[in-house]
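Try each task before reading its solution.

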Amino acid sequence: MTDTASAETSGAVTGGLRTVLRLEGLALFIGMTLLYYIWDGDWWIYAILFFVPDLSFAAYLSGPRFGALVYNTVHSYLAPVAIMTGGFATASPLVLSIAMIWLAHIGFDRALGYGLKYASGFGFTHLGRIGKLPN
């Protein structure tokens, strides 16, 4: 099966495009972490908040459809970019810090290949299948 055929049936990006998307995630992680450093943010806050978005995994206890909805909501760029915009508009260092950490987390996940989820299960993402393949 070619990359094109597998992408059509799985809904996941493959090949060089997948690599580009993962590199974009790495760039986002590095960029937001560097910006947080330049911003002179408290690293204990960064450490505490960095993995908070992963609490969205708990939504999978209610099933894969709901789990994917919550996970994707928390791991989309929409909310943190809106929060960052609000942080700039109000000149709020705490709001900007939260947005930078949240975006760094999303970039980190994407760099590792954890993409947005499909309702068919946690392992089915827009960046390809994650986890062990069934025998």
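From the N terminus on, the elements of the protein chain run α-α-α-α-α-α-β-β-β, which gives 6 helices and 3 strands. Helices (H or I, at least four residues) and strands (E, at least two) are DSSP runs, numbered from the N terminus. The model is predicted: local features need pLDDT of at least 70, side-chain atom pairs count only at pLDDT 80 or more, and totals for chains, interfaces and linings use all residues. Residues are numbered from 1 along each chain as its sequence is written, and side-chain values use heavy atoms, with hydrogens and water left out.

**Exercise 1.** Find how α5 is oriented relative to α6.

*Solution.* Start with the axes, which are lines fitted to C-alpha atoms over the stretch in contact, with angles from 0 to 180 degrees between N-to-C directions. Those of helix α5 (residues 78–90) and helix α6 (residues 93–111) come within 8 Å and cross at roughly 155°. That makes α5 roughly antiparallel to α6, a label for angles over 145 degrees.

**Exercise 2.** Decide whether Trp-43 is buried, partly exposed or exposed.

*Solution.* First locate the residue: Trp-43 lies in helix α3 (residues 43–49). Next, recall the classes: buried means under 20% relative accessible area, exposed over 50%, and partly exposed in between (1.4 Å probe, protein chains only). Trp-43 has a relative accessible area of 40%, so it is partly exposed.

**Exercise 3.** State what share of the protein chain is buried.

*Solution.* Apply the buried class to the 135 residues of the protein chain: buried residues make up 36% of them.

Terms used. Parallel < 35°, antiparallel > 145°, perpendicular 65-115°, else oblique.
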